[in-house]
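Here are my notes after a pass through the model. Have a look at the structure first, then see whether you read it the way I do.

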There are 2 protein chains.
Amino acid sequence: MPRYYRYLGELLDSGVERISSNELSRRMNVTASQIRQDLNNFGGFGQQGYGYNVKYLYDEIGKILGLNEQHNIIVIGAGNLGQALANYVKFEKLGFMIIGLFDVNPALKGVTVRGLAIHMLDELEDFCKRRKVDIAALTMPKQTADAIAHRLVENGIRAIWNFAHVDLELIEEDVVVENVHLSDSLMQLSYNIVKNRR
Amino acid sequence: MPRYYRYLGELLDSGVERISSNELSRRMNVTASQIRQDLNNFGGFGQQGYGYNVKYLYDEIGKILGLNEQHNIIVIGAGNLGQALANYVKFEKLGFMIIGLFDVNPALKGVTVRGLAIHMLDELEDFCKRRKVDIAALTMPKQTADAIAHRLVENGIRAIWNFAHVDLELIEEDVVVENVHLSDSLMQLSYNIVKNRR
């Protein structure tokens with residue numbers, strides 16, 4: 001779904017109003033029947049022989065993805081990766097607003113990134129009481145990730161975007177976790193390099 | 001495959017020598033029959049009723065992923081994300097060595113990240129002649145990504161790890177590209193937040 005949303009957004013930007021599943025298939029490198037099946041699962045947007053209305057499909061998929069509302073994010077760990085996330089302008093366009101950065105390094109206290117102050121981690125509880133926080137991004141070392149994740153959940157946060165090189169062991173059923181493993185994508189690249197040689 | 005490799009590595013670290021497909025299934029949250037099918041596709045490592053030899057499976061999957069050789073990486077764009085990549089110690093353990101960082105910002109000239117000097121982009125051609133570069137990671141703005149990608153390919157680089165928020169339009173068949181879309185994983189998280197509410 002995110003990939004459809006991204007492609008449809010690019011089509012909109014280039015002024016395309018209607019697209020057939022065959023054309024979308026060619027652009028996305030997915031079979032047309034896969035596309036029809038995926039989109040039918042989400043309510044059947046297509047009309048036979050007429051193609052998809054790009055704007056309508058884009059908006060509907062956006063709603064399914066929860067992009068019609070704002071999500072407030074805090075970033076735990078204000079090192080290079082945390083600061084890189086805070087600098088991604090694109091997230092805001094999708095409704096993901098980074099509203100705070102946290103770290104344990106006193107040297108970072110009061111430093112600002114794109115106008116956002118870096119807070120010390122002991123201010124977390126207070127911050128979560130004052131502000132609505134929907135998502136916490138974890139960019140600290142994996143040794144501390146599980147403990148911090150539990151602390152975030154105790155503070156009412158129900159979604160974790162995890163960059164901490166470890167799959168979190170969160171047992172709470174109502175907490176959603178998305179693990180980002182950059183090394184997986186590097187291994188996939190290396191696999192394709194080897195395959196390409198054959 | 002990267003995911004299997006990661007889980008098997010964690011099993012090895014915790015001293016597990018053999019594992020059944022059922023147990024691996026439970027840990028990885030994939031059906032046992034899916035696991036048997038995946039692993040059979042790559043040469044059938046299992047023995048009925050005996051489980052998998054973790055070390056053997058780990059090594060064999062490592063070879064399939066090309067991790068038995070070293071891959072030299074250069075990072076184009078030495079901003080926060082580029083520096084974050086250069087600081088990931090884990091990549092080295094997998095045989096991915098970052099050997100150079102490049103940027104166009106003169107203020108970064110000669111700055112070092114973990115002992116690596118940041119080069120100016122006009123030194124790229126010379127660098128690629130002197131050193132074997134297997135992979136280029138792109139972390140610069142998407143406006144310049146396509147032009148840089150072509151320049152990298154002209155310099156003999158055959159693999160691109162792309163963080164530049166745009167799917168590259170590389171037509172060369174022998175170049176492999178792995179696109180990393182952080183916003184896709186954020187949208188997936190948001191989708192799960194909405195789904196979880198129902």
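1. I'd start with Asp184(B), which sits in helix α9 (residues 182–197) of chain B. Bear in mind that this is a predicted model. Asp184(B) has a relative accessibility of 14%, so it counts as buried, the cut-off being under 20%.

2. What does Asp184(B) touch, leaving aside its neighbours within four places in sequence? The contacts are Pro2(A), Arg3(A) and Arg6(A). With Arg6(A) there is a salt bridge between the side chains, 2.7 Å from N to O. That pair crosses between chains, with Arg6(A) coming from helix α1 (residues 2–13) of chain A. Arg6(A) is buried, and so is Asp184(B).

3. Arg158(A) is in the α8–β8 loop of chain A and Asp174(A) in the β8–β9 loop, so the pair ties together parts 16 residues apart in sequence.

4. On to the chain B sheet: seven strands, open and mixed, ordered β5-β6-β4-β3-β7-β8-β9. Its edges are β5 (112–113) and β9 (176–179), each pairing on one side only. β5(B) pairs antiparallel with β6 (residues 116–120) of chain B over two bridges, and Thr112(B) has Ala117(B) as its bridge partner.

How values were computed
Residues numbered from 1 in each chain as written. Chains lettered and ligands numbered in written order. Predicted model: local features only at pLDDT ≥ 70, side-chain atom pairs only at ≥ 80, totals over all residues. Heavy atoms only, no water. Pairing = 2+ DSSP bridges. Helix = DSSP H or I, 4+ residues; strand = E, 2+ residues; numbered from the N terminus. Buried < 20%, exposed > 50% of the residue type's maximum accessible area, 1.4 Å probe, protein only. Contact = heavy atoms within 4.5 Å. Salt bridge = Lys/Arg side-chain N within 4 Å of Asp/Glu carboxyl O.
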